[in-house]
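This report covers strand pairing and disulfides. The sequence and structure come next.

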Amino acid sequence: MFSHIFKHVGFVFAVLAVSGTMHGTGHAAVDVPALREGPASTIKMGEQRKSKRLVNGEEIIQTGRLIEEHTVERTRTNGCVTTTSIKDFYAPNLTWNNCGEGPWSTGKAEDMKVKGQLWPFKVGNVVHYQFKSVNSSGQTNHRAFRSCEVTDTVMAEAAGKSYPSYRIDCSEHGDRKRIFYYAPGVDETVREEVRHPKTGLSVNEFVERLE
């Protein structure tokens with residue numbers, strides 16, 4: 001009788017040990033390379049960083065440069081130009097120009113309030129941004145937000161390659177969802193998925209660093 005009980009208890013602990021490696025995504029967590037030390041971004045004033053990317057299968061070149069101490073401008077060969085704070089990863093754009101169609105393809109964010117921090121990444125880290133967004137026609141959304149959480153460590157697929165990555169899930173106003181995959185091995189966001197209730201799925205994949 002006791003041997004039967006011990007066998008049962010041993011089985012329960014084995015199940016718990018396996019499930020303890022899971023993060024609710026149906027797979028075991030992946031070991032990722034150690035994070036580099038320092039701030040979220042290491043770009044310096046006067047430096048340019050170019051990378052080749054695929055946006056929904058279309059090849060583009062993205063160029064990043066600092067325009068202020070904590071603000072990076074990213075210019076893409078598809079015409080989209082954005083500025084973003086580099087104090088943390090995955091903050092909402094401060095400005096965006098020619099990034100899509102319609103009046104909301106160009107605009108700006110104002111009165112940004114931040115609670116929490118993602119970097120250095122650790123599963124469970126959260127951040128919440130609350131701000132006012134204004135588009136090119138003067139329309140205003142006073143309840144704009146982005147909330148993000150580091151949810152898992154996974155293998156991310158990007159342009160035919162696999163990268164051990166941190167997965168960051170974000171929700172936004174307008175029922176938009178974003179998933180970012182950051183790979184410490186290349187210090188890049190290797191994949192970004194954006195799901196919009198009207199326009200569907202958009203995918204941005206890292207191909208290679210050019211500069």
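In which sense, parallel or antiparallel, do S5 and strand S6 (residues 107-116) pair? S5 and S6 pair in the antiparallel sense, over two bridges. This is a predicted model in which local features need pLDDT of at least 70 and side-chain atom pairs count only at pLDDT 80 or more, while totals for chains, interfaces and linings use all residues. Residues are numbered from 1 along each chain as its sequence is written, and side-chain values use heavy atoms, with hydrogens and water left out.

Strands are DSSP runs of E, at least two residues long, numbered from the N terminus; two of them pair if DSSP finds at least two bridges between them. Trp-96 has Gly-107 in S6 as its bridge partner. S5 (residues 93-97) also runs antiparallel to strand S4 (residues 81-85), joined by four bridges. Here Thr-83 stands opposite Thr-95 in S5.

The structure holds two disulfides, a disulfide being a pair of cysteine sulfur atoms within 2.5 Å.

| Disulfide | Sulfur separation |
|---|---|
| Cys-80 and Cys-99 | 2.0 Å |
| Cys-148 and Cys-170 | 2.1 Å |

The S-S torsion of Cys-148 and Cys-170 is about 110°, so this disulfide is right-handed. Cys-148 lies in strand S8 (residues 140-158) and Cys-170 in strand S9 (residues 161-172), so the pair ties together parts 22 residues apart in sequence. Both Cys-148 and Cys-170 are buried (under 20% relative accessible area; exposed is over 50%, partly exposed in between, with a 1.4 Å probe and protein chains only).

For Cys-80 and Cys-99, the torsion about the S-S bond is about 85°, so that disulfide is right-handed. Cys-80 sits in the loop between strand S3 (71-76) and S4, and Cys-99 in the loop between S5 and S6, 19 residues apart. Cys-80 counts as buried at 11% relative accessibility, whereas Cys-99, at 26%, counts as partly exposed.
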